[in-house]
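Here's a quick briefing to read alongside the model. Have the sequence and the 3D view open as you go.

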Amino acid sequence: MTRIITIASGKGGVGKTTVSINLATVLATKFKKKVIIIDCNITTSHLSLYLGVYYHPVTLNQVLKGEANMLEASYDHMENLKIIPASLSARDLKGVDIGLLKEKLKELYGKADFVLLDSAPGLGREANAVLRAGDEVLFVTTPFVSSVADILRCKELIKENNTEPIGVVLNMSTRHDELSESDIEEMLEIPVLEKIPMDKNVTKSLAAKEPVVILNPSSKASKSFYRLTSKILGEPVKEGLVEKIKNCFKIF
Ligand SMILES: Nc1ncnc2c1ncn2[C@@H]1O[C@H](COP(=O)(O)OP(=O)(O)OP(=O)(O)O)[C@@H](O)[C@H]1O
Ligand SMILES: [Mg+2]
């Protein structure tokens, strides 16, 4: 079965693309799931920038213009992980109909275990279409009232569509958060699946064009991404032999 999950937020810059990339990488590497990430943030796309690939001959833009199909726009990124990028050129926005996304996604059922839709922020036409296109929605927020309040509006929208949120990721958490996990759960009535700390390894990974879970797998952020993935999948993370031995020593 293919799970199509929209990674969404009300406010911009909260970490949707970071969560999409690291969640996809853990699913592909640790759990051996076949994953496709689609850059659905057509107007301000960042996915391919974060992965260090700047040109693709066919992109989601052509798919949404009716000039190509989804598989023609998909590229192998690593074993078990493909990406469908959006064009980085503003010229390619002409003629794109984001309203076609849900229909076009049907081409991917059966082609992957997970399809992650990295959304645009907010409730504009683009974000709205991506929220409606996924079968499930994972919200990302920072620990601020403004960021959480914006998710409330998105939640109303997906309710009209009969889509249930699978949870919230609290990203960029510090010791001085404006809102705690329980405050957020109370406001949204959605469980916080995982708290990802503000971690300089994430910014370093962006500069290195490598997901943090690959660049620094033992960082605090990476460990949170493993737990998040495991919760979404409902499977425990399989430990390698070295990790097993290290964890045994931690007991003593
Ligand atoms: N846990 C973290 N620790 C430190 N920095 C982070 C963390 N998560 C994300 N960032 C940084 O925050 C910035 C915004 O992240 P990202 O681009 O993933 O957000 P976004 O929600 O996709 O943004 P947009 O709404 O513009 O698409 C990036 O520079 C990223 O490296
Ligand atoms: Mg983004």
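Predicted model: local features only at pLDDT ≥ 70, side-chain atom pairs only at ≥ 80, totals over all residues.

**Helix pair H1 and H10**
- Helix H1 spans residues 16-29 and helix H10 spans residues 220-233, and the two pack with their axes 9 Å apart, at an angle of about 70°.
- Angles of 65 to 115 degrees count as roughly perpendicular, so H1 and H10 are roughly perpendicular to each other.
- On the H1 side, the residues that meet H10 are Thr18, Val19, Asn22, Leu23, Val26 and Leu27.
- H10 brings Phe225, Tyr226, Leu228, Thr229, Ile232 and Leu233 to that contact.
- Sorted by class, the contact has nine nonpolar residues, three polar ones and no charged ones.

**Thr2**
- Thr2 sits in the segment before strand E1 (3-8).
- Its relative accessibility is 8%, and buried means under 20%, so Thr2 counts as buried.
- A polar atom of the Thr2 side chain lies 2.8 Å from the backbone nitrogen of Gly110.
- The Thr2 side chain also reaches the backbone oxygen of Ala112, at 2.7 Å.
- Beyond its neighbours within four places in sequence, Thr2 is in contact with Leu108, Tyr109, Gly110, Lys111, Ala112, Asp113 and Val115.

**Ligand 1**
- There are 19 residues around ligand 1, and Gly13, Lys16, Thr17, Thr18 and Tyr50 come nearest.
- An oxygen atom of ligand 1 lies 2.9 Å from a backbone N or O atom of Gly13.
- For Gly15, a backbone N or O atom is 3.0 Å from an oxygen atom of ligand 1.
- Pro197 has a polar backbone atom 2.9 Å from a nitrogen atom of ligand 1.

How values were computed
Residues numbered from 1 in each chain as written. Chains lettered and ligands numbered in written order. Heavy atoms only, no water. Axes fitted to C-alpha atoms, helices over the stretch in contact; angles between N-to-C directions. Helix = DSSP H or I, 4+ residues; strand = E, 2+ residues; numbered from the N terminus. Parallel < 35°, antiparallel > 145°, perpendicular 65-115°, else oblique. Contact = heavy atoms within 4.5 Å. Nonpolar A, V, L, I, M, F, W, Y, C, P; charged D, E, K, R; others polar. Buried < 20%, exposed > 50% of the residue type's maximum accessible area, 1.4 Å probe, protein only. Polar contact = N/O pair within 3.5 Å; in protein donor to acceptor, adjacent residues only side chain to side chain. Near = heavy atom within 4 Å.
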